[in-house]
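Me: I've got a model open and want a quick walk through it. Can you take my questions one at a time?

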Amino acid sequence: MKRVRSNKERPPRRTREGMKRGVYILPNLFTSGSLFCGFYAIIAAFNGQYLYAAVAIAIAVIFDGIDGKVARLTKATSRFGVEYDSLSDLVAFGVAIGITIGVHRIITGDSIHFYIMGGYALVIILTWLAP
C-alpha cells in the first residue's frame, strides 16, 4: 500500500538555481506591459490619435528593454519567456507601427507614408535574414 504524503512533508518546489517559480513572472509582467502598449497603439491609431499611438510605442520600447534586463538579473529566463517576448515585439513593433502608418496614410492620402512603410518592411526582412 502506497503512503500518501501530506503538504506539510513536501519540500517547496524549486528550479535549478534554487529560486522559487514566482520569480519567472517578474520579467513577463514587463513583457505584458509592452504587449499592452502595442495593443493600445493599434486602438489609438484606429481612433485617429496618432500622437498617443506613438507615445504607446515609445513606452513599449522602454518595457522591452527592461524585461530582458530583469530576466538576466534574476536569472529567470525560460523558453516561454523568450517566445512571449517575441510575440510582444511582433505586436508592438511590427503590427502597431504598420497599422499606425497605414491608417494615417489612408486618412491623409500622403504618398510618403507608402515609402516609409516599404522601408520599414525592408528593414524588418533584412533583420530576419541576418545571421
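Me: What percentage of the residues of the protein chain count as buried?
Reply: Of its 131 residues, 27% count as buried. Buried means under 20% relative accessible area, exposed over 50%, and partly exposed in between, with a 1.4 Å probe and protein chains only. Note that this is a predicted model: local features need pLDDT of at least 70, side-chain atom pairs count only at pLDDT 80 or more, and totals for chains, interfaces and linings use all residues. Residues are numbered from 1 along each chain as its sequence is written, and side-chain values use heavy atoms, leaving out hydrogens and water.

Me: How many helices and strands in the protein chain?
Reply: There are 4 helices and 0 strands. From the N terminus on, the order is α-α-α-α. Helices (H or I, at least four residues) and strands (E, at least two) are DSSP runs, numbered from the N terminus.

Me: Contacts next. What share join residues at least 24 apart?
Reply: 68%, among contacts between residues at least 6 apart in sequence. Contact means heavy atoms within 4.5 Å.

Me: Where is Lys75 found?
Reply: In the loop between helix 2 (50–73) and helix 3 (79–108).

Me: Buried or exposed?
Reply: Lys75 is exposed, because its relative accessible area is 57%. Its C-alpha atom is 8.7 Å from that of Tyr24, 51 residues apart along the chain.

Me: Switching to charges. How many salt bridges does a search of the whole structure find?
Reply: It finds 1. A salt bridge is a side-chain nitrogen of Lys or Arg within 4 Å of a carboxyl oxygen of Asp or Glu.

Me: Which residue pairs with Arg79?
Reply: Glu83, with the closest N and O atoms 3.1 Å apart. Both residues lie in helix 3, 4 residues apart, about one turn of the helix. Arg79 counts as exposed at 63% relative accessibility, while Glu83 is partly exposed at 40%.

Me: Which helix gives the most to the patch?
Reply: Helix 3, with 3 residues. Trp128 is in helix 4 (residues 112–129), and counts as exposed at 66% relative accessibility.
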